[in-house]
Amino acid sequence: MLKSLTTVGGNTMVSRVLGFVRDLILARIFGADAATDAFFVAFKIPNFLRRLFAEGAFATAFVPVLMEYKEQRSHNDLKALVDHVAGTLGMVLLIVSFVGVLAAPLLVSVFAFGWVMEGATEKLDLAARMLRLTFPYLLFISLTAFAGGILNAHNRFAVPAFTPVLLNLCLIGAALWLSPMFDTPVVALAWGVLIAGIVQFTFQLPFLHRLRLFPGFRPAPRHEGVRRIMKLMVPALFAVSIVQINLLLDTVLASFLQTGSISWLYYSDRLMEFPQGVLGVALATVILPGLSRHHADRDPVAFNQTMDWGLRTTVLLGAPAATGLAVLSAPMITTLFLSHSFDAKDVHMASLSLMAYSVGLLAFILIKVLAPGYYARQDTRTPVRIGLIAMVVNMAFNLALIFPLQHAGLALATSLSAFVNAGLLFRGLRKGNVYQPGPEWRGLWLKTLGGCAVMAGTLVWGMPSLEDWVSASILLRAGWLTLWVGIGMAVYAFCLYALGIRPHHLQNTRQA
């Protein structure tokens, strides 16, 4: 599992680094204005549905059933399941995409209601125009997630983990070479999203062919496996992606704030997603097939050990990532995005929301690890109840914090509600005797927090001032950022070593 995590995390890191390059190019070419706000709304709607449906409900319902077929049935039965799921999924998504294209103006009005209130018809029209191009992305990226689930179930983690790189390459190409061809340059990005969806899905098809599982696209909603997946999906549709729902609510409320708020939240969210993707998404990808296999084999000891490994890895790596993100928020934003289009005010505003998001980073990753503990056992109802509570908490925090903290208050509310979500998921697993932590956890927490405190103190004491970062050249800023990220990692690693943590603690269950 550690090898698989390294494979997925490494490919995800490549994707995230290219994502930073993409966002750097977007910030320098398009800045943070009304047109970019319109694109981010048009991209966020299908992207939200992707995370909610493709990577969320569908993945968590599909993989456990797929693993059961793989472990307990013949290859012909497995191939039939793949064909019928592909056909049913494709048919439903084709209809949804058609409706989404037709209803683009209505969807934009709902998700950016503040623009309706202020009569910003130009932004609404531009966003609806781009949404008609980006919405079909949902069809192709959902089929991509379907293909990735099959490959992950067969321990082919590298290909699905690399696939998101193609989205970044397509958007970079659209920004650099397509945008000059349009009267409204930002529209080129919408075309880039659509092209990326097609490329990502077709990229995985040869690898499915090697497994003799090339999808036949035969719709069969009454097939036993398809019906089980659909039944599991209904509650999972909401529960597994509650964090994404909260982020979308941020966009709706941010549309009532000053121009640029949506873009500031977007850029800070993108930076927060780097460690969340490299660690959180990688852990969720690796841990779900393993937990599903242990549940199918009726091995509760292995199930508990796998959960424990995932949680220990999250704490040991997620806590310093959150600390570093908070301390380095302004230097990161300055290094990556400061330009004539993305000025000092934009840097300051985006760094505020990034600090607020960093508060909840550990909780976001914990949710990725804890939720599969339910889905692997085909329990999708319990997370629904927890998700509803977290949703209500998020809205309460939003209303309480948006007035004093503006867009940063929305980010902080999302972080706080994520802790509520993670805490309730953890309590449910303990009460159900599904997972029981060992006595070493208190010492692990103390050592981790101690290392984070020393790392934060070192960075705050030694880094150049923000004024120096802003006035420095881009190459000097990049050098400084690389240096201080490396120093932070080295200080944290040294502290853990001095406190008795060794590399094998990421492998053996009861030694941390």
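Reply: A crossing of two helices is called right-handed if the near helix is turned clockwise from the far one by less than a right angle, and left-handed if anticlockwise. In this predicted model, helix α13 passes α19 in a right-handed crossing. Helix α19 covers residues 407-431, and its axis comes within 10 Å of that of α13, the two crossing at roughly 40°. On the α13 side the meeting residues are Ser-261, Trp-264 and Leu-265, and on the α19 side His-407, Leu-410 and Ala-411. Of the residues in this contact, four are nonpolar, two are polar and none is charged.

The other neighbour is helix α14. Here α13 (residues 261-296) packs against α14 (residues 300-327) at an angle of about 180°, with the axes 10 Å apart. Angles over 145 degrees count as roughly antiparallel, so α13 and α14 are roughly antiparallel to each other. Helix α13 contributes Leu-271, Met-272, Pro-275, Leu-279, Leu-283, Ile-287, Leu-291, His-294 and His-295 to the contact. From α14 come, among others, Ala-302, Phe-303, Met-307, Trp-309, Gly-310, Leu-317 and Leu-325. By class, the contact of α13 with α14 holds 14 nonpolar and seven polar residues, with no charged ones.

Conventions. Residues are numbered from 1 along each chain as its sequence is written. This is a predicted model: local features need pLDDT of at least 70, side-chain atom pairs count only at pLDDT 80 or more; totals for chains, interfaces and linings use all residues. Side-chain values use heavy atoms; hydrogens and water are left out. Axes are lines fitted to C-alpha atoms, for helices over the stretch in contact, and angles run from 0 to 180 degrees between N-to-C directions. Helices (H or I, at least four residues) and strands (E, at least two) are DSSP runs, numbered from the N terminus. Angles under 35 degrees count as roughly parallel, over 145 as roughly antiparallel, 65 to 115 as roughly perpendicular and the rest as oblique. Contact means heavy atoms within 4.5 Å. Ala, Val, Leu, Ile, Met, Phe, Trp, Tyr, Cys and Pro count as nonpolar, Asp, Glu, Lys and Arg as charged, and the others, Gly among them, as polar.
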